[in-house]
Amino acid sequence: PPSPPRNLMFNMNDTCLMLEWLPPSDTGGRRDLTYNVQCKRCGPATNQCQICEEELRFLPRPLGLTNATVTITDFSSHANYTFEIESLNGVSDMSSFPRQVAIITVSTDQGGEYVEFAIFHTNAASQIFSAALTITSLFLSCCSVEISINRN
């Protein structure tokens, strides 16, 4: 199976979230690459997550994407949404290895403004890379960036 998508990027405004990414570094030796986007809506505790594809609108769709982009609308206020983007090919279902995903978590604020918290995660045999970016408000230019690289 392919490795996870790379360089997950997001752009958010008052009405939608656009996710874009680069193809995986390893396609599994195949050209039939597609992507699935899974959404989880979580409460304050991490064990309060529910699948949320039905309550959001994905353009063009959440599964079987052939382009490395998706737009998501119809968010609820005061909610945490986690999106997992997975690369697939024609033999992914035959693999016994756990699937690897790129992850981003977005929190919505009550007034239409967004507080964004993104986690980019690639788990490969040789390294784990994660980066976190926090934007306290779309109207402030206050940002913090944390990057950690761990090699096994």
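Is Glu-55 buried, partly exposed or exposed?

Modeller: Glu-55 is partly exposed, because its relative accessible area is 36%. Bear in mind that this is a predicted model. The partner of Glu-55 is Arg-41, and the two form a salt bridge. Their closest N and O atoms are 3.0 Å apart. This pair links distant parts of the chain. Arg-41 sits in strand β3, whereas Glu-55 is in the loop between β4 (49–51) and β5 (57–59). The two are 14 residues apart. Arg-41 has 27% relative accessibility, so it also counts as partly exposed. The cut-offs matter here: buried means under 20% relative accessible area, and exposed means over 50%.

The search of the whole structure finds five salt bridges. Lys-40 forms a salt bridge with Glu-84, with 3.2 Å between the closest N and O atoms. Again the pair links distant parts of the chain, with Lys-40 in strand β3 and Glu-84 in strand β7. They are 44 residues apart. Lys-40 counts as partly exposed because its relative accessibility is 25%. Glu-84 has a relative accessible area of 19%, so it is buried. In general, side chains of opposite charge can pair when their charged atoms come close.

Stay with β7 for the next pair. Glu-86 forms a salt bridge with Arg-99, and the closest N and O atoms are 3.1 Å apart. Glu-86 lies in strand β7 and Arg-99 in the loop between β7 and β8, so the pair ties together parts that are 13 residues apart in sequence. Glu-86 is buried because its relative accessible area is 11%. Arg-99 has 42% relative accessibility and therefore counts as partly exposed. Asp-93 joins in too: Glu-86, Asp-93 and Arg-99 are linked in a network of salt bridges.

Now to β8. Thr-105 lies in this strand. Its relative accessibility is 15%, so Thr-105 counts as buried. The side chain of Thr-105 makes a polar contact of 3.0 Å with the side chain of Thr-82.

Next, the nonpolar core. The largest one has 23 residues. Those with the most contacts inside it are Leu-19, Trp-21, Leu-56, Ile-72 and Phe-83. At least two residues of this core come from each of β1 (6–12), β2 (16–22), β3 (34–42), β6 (69–73), β7 (80–88) and β8 (101–108). In soluble globular proteins, nonpolar side chains tend to be buried together.

Leaving aside neighbours within four places in sequence, Ile-72 is in contact with Thr-15, Cys-16, Leu-17, Leu-19, Leu-56, Arg-57, Phe-58 and Phe-83. Leu-17 is also the bridge partner of Ile-72, which is in β6. The strands β2 and β6 run antiparallel and are joined by five bridges.

On to β1. Five bridges join β1 to β2, and these strands run antiparallel. They form a hairpin with three residues between them. Met-12 stands opposite Leu-17 in β2.

Technical notes:
Residues are numbered from 1 along each chain as its sequence is written. This is a predicted model: local features need pLDDT of at least 70, side-chain atom pairs count only at pLDDT 80 or more; totals for chains, interfaces and linings use all residues. Side-chain values use heavy atoms; hydrogens and water are left out. A nonpolar core is a set of buried Ala, Val, Leu, Ile, Met, Phe, Trp, Tyr and Cys residues joined through side-chain atoms within 4.5 Å. Buried means under 20% relative accessible area, exposed over 50%, partly exposed in between (1.4 Å probe, protein chains only). Helices (H or I, at least four residues) and strands (E, at least two) are DSSP runs, numbered from the N terminus. Contact means heavy atoms within 4.5 Å. Two strands pair if DSSP finds at least two bridges between them. A polar contact is a pair of N or O atoms within 3.5 Å; within protein, one must be able to donate a hydrogen and the other to accept it, and residues adjacent in sequence count only if both atoms are side-chain atoms. A salt bridge is a side-chain nitrogen of Lys or Arg within 4 Å of a carboxyl oxygen of Asp or Glu.
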